[in-house]
Amino acid sequence: MPEAPPSTHGIPAVPAVPSAAAVPTTRTRTTPTPPTTPPTPDTQHRTGLLVTLVLGGLTALPPLSMDMYLPALPQVTDALHSPPATVQLTLTACLAGLALGQLVVGPLSDKWGRRRPLLAGMVVYVLATAVCAFAPSAGLLIGFRLLQGLAGAAGIVISRAVVRDLYDGVAMARFYSTLMLISGVAPIVAPVIGSQILRVTSWRGVFVVCTVIGALLTLVVWRGMQETLPPEARHSGELRSTFGSMRKLLADRVFTGYVAAGGFAFAALFTYVSASSFVVQDVYGASAQTFSLLFGLNSVGLVAAGQLNGKVLVGRVDMDRVLGAGLALVTAASVALVLLTTGVFGRAGLPAVGTALFVLMAAMGLVLPTANTQALLRTKHSIGAASALLGTSSFLIGAVFSPLAGVAGDGTAVPMAIVQLTCTLVAVAAFAGLCVGGRRTVEASRSPA
C-alpha cells in the first residue's frame, strides 16, 4: 500500500492510490510541472508521531474520563444525596454510550467521511462533559454521562477506521500495538490524576479537567487532521444500507470469529478491571497502595507485550500464530486462577494469584491488537461499520459478563476466575472454529477435487 503524502498540517491526507480514472488512455501534451522534493525521513517521522499522538489521544480520552472519575464516586454520593447504586449508574450509562455510540458513528463515517463525524462527536463530548461538571442531580448526571459516552465513542471508532484507511498489513498491526501502549498507559495514570485533582477541588473539577482536555483535543483535530476517506470510497446510500453492510460483514465467518475472539478476550480483561480492586484488597487483604502497584505492573505487562508484538513479532510471525499463542497464555492463566482461587492447591496467597493475573493481562497485548488487525484486514469497504462492530461487541460483552464476577459477594475471587475462564474458552472456540476452521474450509473449496 503506498504511503500517504503528508498534509500541510502534518497529518497524512487521503492515501494516494492510483485509480483507473487517473491513468491516461491517450498520449496528450502536458505542461511540465516543477519537481517536488520528496519528504525527508525526519519529516516522515514527525508525521507518524503526530498521527500516533492524535489517534492515541482520541482512543484514550473515553477511558481516561471513566478512570479519572472513579476516585470521586464517594464524593458524588454525598454531594448529590443519592445512594451508591444510583451513582454507579453514571458509570454504566457512560459505558453503554461508548458501546452504542460506535454503532452509529462508525456507519456515519463511511457515509460522510471521518473528519466531520469525529469533529461533531468531539464537540458534543465537550459540551456534555461541561454539563456534567455542573449537574445538580444524579438523574441529570446519568443522562449526560450517557451522552458523553455516545459522543466519546466517535474517537474510538473513527481512530480505528483512520488507521485502516492509512495503513495495511504489517504496518497496521504495528500501529495498533503502538495504540495499545497509549491506551494501556491511560488507565494507569487516570486514577492518579483524578486523586490529585480531588486534593485541590471537588468531584466537579474532574469533569472540568476532562472538558479542557476534550476541547484541546478537538482543536488539534480541527487544525491538524485531514480527511482520510476519499469521496469515491464512501457510501452514498441511506444509513439503512450501511447497516446492511454490517450484516454482510457478520456473514463472513472468519471476520465474525475475530470479532468474537477479541470481544470475549476483552470481556476477560474487563472482568479483571472491574473486580480486581475488591479481590486484591478485600479477599487478600492488600492495601490500596499494594493494589495500585499490582495494577500498574499488570498494565506495564500489557503494554510491554503489545510492544513486543508490534516491534518484533509482526512481519516475522504469522498473525494467526501470534493470536493463537496469546489465547493459549490467557487460557493457561485463567485455568491457574480457577485452581488457585478454589483452593485446589491449598490456600493460595496474593503472589501466586498476582502472577496469574499478570500473565493474563500481558497476553492481552498479543490478543487484542492482533484480533482487531485480522478482522479489519478482512474488510475492504465499510471500514467504519467494521470498526463499530469491533468496538461495540467488546464493550457490550464486557458489560454483560463483568458484573457476574460479583455474584457471590465480595468475599471470594472464584466468580472472577470462572467468568474469565468462560470468556477465554469462548474466545478460543471462536478463533479455532470460525477463523482457523473458516480459512481451511475456503482453502478446501478452492483446491481441485
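Modeller: Helices here are DSSP runs of H or I with at least four residues, strands are DSSP runs of E with at least two, and both are numbered from the N terminus. Counted that way, the protein chain has 14 helices and 0 strands. From the N terminus on, its elements run α-α-α-α-α-α-α-α-α-α-α-α-α-α. This is a predicted model: local features need pLDDT of at least 70, side-chain atom pairs need 80 or more, and totals for chains, interfaces and linings use all residues. Residues are numbered from 1 along each chain as its sequence is written, and side-chain values use heavy atoms, leaving out hydrogens and water.

Biologist: Why is Gln-374 called buried?

Modeller: Buried means under 20% relative accessible area, exposed means over 50%, and partly exposed lies in between (1.4 Å probe, protein chains only). Gln-374 has 8%, so it is buried. Its place is in helix H12.

Biologist: What joins the side chains of Gln-374 and Asp-320?

Modeller: A polar contact of 3.0 Å. The term needs N or O atoms within 3.5 Å; within protein, one must be able to donate a hydrogen and the other to accept it, and sequence neighbours count only through side-chain atoms on both sides. Gln-374 also has a side-chain polar contact of 3.4 Å with Tyr-258.

Biologist: Why does His-81 count as exposed?

Modeller: His-81 has 72% relative accessibility, so it counts as exposed. His-81 sits in the loop between helix H2 (73–79) and helix H3 (84–112). It has a positive phi of about 50° although it is not a glycine. Most residues other than glycine have a negative phi.

Biologist: And why is Val-428 called partly exposed?

Modeller: Val-428 has a relative accessible area of 28%, so it is partly exposed. Val-428 is in helix H14 (residues 414–446).

Biologist: How do you know that the span of helix H11 agrees with what it should be?

Modeller: The expected span is 1.5 Å times one less than the number of residues. H11 (residues 319–341) has 23 residues, so it should span 33 Å, and its end C-alpha atoms are 33 Å apart. At the start of H11, a side-chain oxygen of Asp-318 reaches to within 3.0 Å of the backbone nitrogen of Asp-320. Just after H11, Gly-343 has a positive phi of about 80°.

Biologist: What makes H13 largely enclosed by the rest of the structure?

Modeller: Of its 19 residues, 15 are buried, so H13 is largely enclosed. H13 covers residues 383–401 and reaches 27 Å from first C-alpha to last, close to the 27 Å expected.

Biologist: How many cavities of 30 Å³ or more does a search of the whole structure find?

Modeller: The search finds 1. A cavity is a set of points on a 1 Å grid over the protein atoms alone where a 1.4 Å probe fits but cannot get out; lining residues have an atom within 4 Å of a point. The largest cavity holds about 50 Å³ of space, a volume being the space filled by probe spheres set on the points, which are joined across faces, edges and corners. Its lining residues include Tyr-272, Phe-291, Asn-298 and Gly-354.

Definitions and conventions:
On a 1 Å grid over the protein atoms alone, a cavity is a set of points where a 1.4 Å probe fits but cannot get out, and a pocket is an open set with protein on both sides within 12 Å along at least five of seven lines; lining residues have an atom within 4 Å of a point.
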